[in-house]
Amino acid sequence: MNPNLKAALMALTAFGLFASHDVIIKVLGGGYSPVQIVFFSVLFSFPLAMLYLLRDATPGTLIPVHPWWMAARTVAAVITGFCAFYAFSVLPLAQVYAILFASPLLITVLAIPILGEQVKMRRWIAVAVGLTGVLVVLRPGQAELELGHLAALVSAICGSFASIIVRKIGREERSVVIMLYPMMANFVVMAALLPLVYQPLPLADLGKLGIIAVLAWTAGRFLIAAYNNGEAVIVAPMQYSQILWATMYGLLFFDEQPDRNTIIGSAIIIASGLFIVLRESRSEASEQPVLRTRSRPETGTTPRVSPFLRRDKRGK
């Protein structure tokens, strides 16, 4: 099989699993706080993380090389995971994805101060057009904005910040360090808050939380394999397949049908993101911040995709 085709299929599988993961979060979000959902998701992810740690033969300690950047990334990851879980709990799936799809636009902007990336006019126009698409989805002044919309926006912003930090320090930090700190922080923070919101969990719901952890971990491994096997310019756009899963799952399980503004806004955001990906793939001088960063919000429950696992065939 062609490596790029294999990578595309792996990425599609990953994002299909992530979408299934988000459906279970939405189901559980009707009865439990995001604090409780995040806590147990991370708790059930620890055995999988330990297996990952045992397989890592890279020499070194768990002390970060860049402690301040790692601290910033960890805080951003904790906020991202909580806000994403909350948004999925209270908003239609398609709306949440549409807002999270703004991440490539935000990464493009954040790459300027953090990576020293040079962004030319065409990419600036794409960012402006994409952010207009976000406004189309949100419809400020026409529809009542809920706390869930703010949570999705915060998740997109903090997730982009966490991703761009990995791009900055990923060559020097061990992958286990990059993965472990957000997991530990999520566990500690959510454990501290858990007594305030805890609801007894029947065995069936406990099993759903375990499934969330397994789906997130499996999807993360598929995404790593996709980046290992194919070019980033092929893998990165596959994230937009989630809008199809969201539409199908929304109709099947939640009687949700994307409204016209969500469809139009999503199309604008996706078109802008694809343009940025294609521009980065053709730019020899670019740091490729969008191509080389992960295309899912950080939740602390999945292995982190390193932006340095594989260079594409053009040597980037």
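Modeller: Because the model is predicted, local features need pLDDT of at least 70 and side-chain atom pairs count only at pLDDT 80 or more, while totals for chains, interfaces and linings use all residues. Residues are numbered from 1 along each chain as its sequence is written, and side-chain values use heavy atoms, with hydrogens and water left out.

Biologist: How many helices and strands does the secondary structure of the chain come to?

Modeller: Helices (H or I, at least four residues) and strands (E, at least two) are DSSP runs, numbered from the N terminus. Read from the N terminus, the elements run α-α-α-α-α-α-α-α-α-α-α-α. The count is 12 helices and 0 strands.

Biologist: What percentage of the residues of the chain count as buried?

Modeller: Buried means under 20% relative accessible area, exposed over 50%, and partly exposed in between, with a 1.4 Å probe and protein chains only. The chain has 316 residues, and the share that counts as buried is 56%.

Biologist: Among contacts between residues at least 6 apart in sequence, what percentage join residues at least 24 apart?

Modeller: Contact means heavy atoms within 4.5 Å. Of the contacts in the chain between residues at least 6 apart in sequence, the share joining residues at least 24 apart is 89%.

Biologist: Is α2 parallel or oblique to α9?

Modeller: Axes are lines fitted to C-alpha atoms, for helices over the stretch in contact, and angles run from 0 to 180 degrees between N-to-C directions. Angles under 35 degrees count as roughly parallel, over 145 as roughly antiparallel, 65 to 115 as roughly perpendicular and the rest as oblique. Helix α2 (residues 34-55) and helix α9 (residues 203-229) have axes 8 Å apart and pack at an angle of about 45°. Therefore α2 is, relative to α9, oblique.

Biologist: How do the residues of the contact of α2 with α9 divide into nonpolar, polar and charged?

Modeller: From α2 the contact takes I37, F40, S41, F44, S45, L48, A49, Y52 and R55, and from α9 it takes L206, L209, G210, I212, A213, V214, W217 and R221. Ala, Val, Leu, Ile, Met, Phe, Trp, Tyr, Cys and Pro count as nonpolar, Asp, Glu, Lys and Arg as charged, and the others, Gly among them, as polar. The division is 12 nonpolar, 3 polar and 2 charged.

Biologist: Is the crossing of α2 and α9 left-handed or right-handed?

Modeller: A crossing is left-handed if the near helix is turned anticlockwise from the far one by less than a right angle, and right-handed if clockwise. The crossing of α2 and α9 is right-handed.

Biologist: Is α1 roughly parallel or roughly antiparallel to α9?

Modeller: The axes of helix α1 (residues 3-29) and α9 cross at roughly 160° and come within 8 Å. So the relation of α1 to α9 is roughly antiparallel. The residues of this contact comprise 22 nonpolar, 6 polar and 3 charged. The crossing of α1 past α9 is left-handed, and the orientation asked for is roughly antiparallel.

Biologist: How far apart in space are L223 and L9, C-alpha to C-alpha?

Modeller: L223 lies in helix α9 and counts as buried, at 1% relative accessibility. In sequence L223 and L9 are 214 residues apart, whereas from C-alpha to C-alpha they are separated by 10.0 Å.

Biologist: Which residues is Q36 in contact with, leaving aside its neighbours within four places in sequence?

Modeller: Q36 lies in helix α2 and counts as buried at 1% relative accessibility. Q36 and L201 are 165 residues apart in sequence and 9.9 Å apart in space, C-alpha to C-alpha. With neighbours within four places set aside, Q36 is in contact with L194, V197, Y198, Q199 and L201.

Biologist: Is L153 buried or partly exposed?

Modeller: L153 sits in helix α7 (residues 147-169). Not counting residues up to four places away in sequence, L153 touches I99, V134 and L138. With a relative accessible area of 28%, L153 is partly exposed.

Biologist: Is D255 buried or exposed?

Modeller: D255 lies in the loop between α11 and α12. D255 is not a glycine, yet has a positive phi of about 55°. Its relative accessibility is 73%, so D255 counts as exposed.
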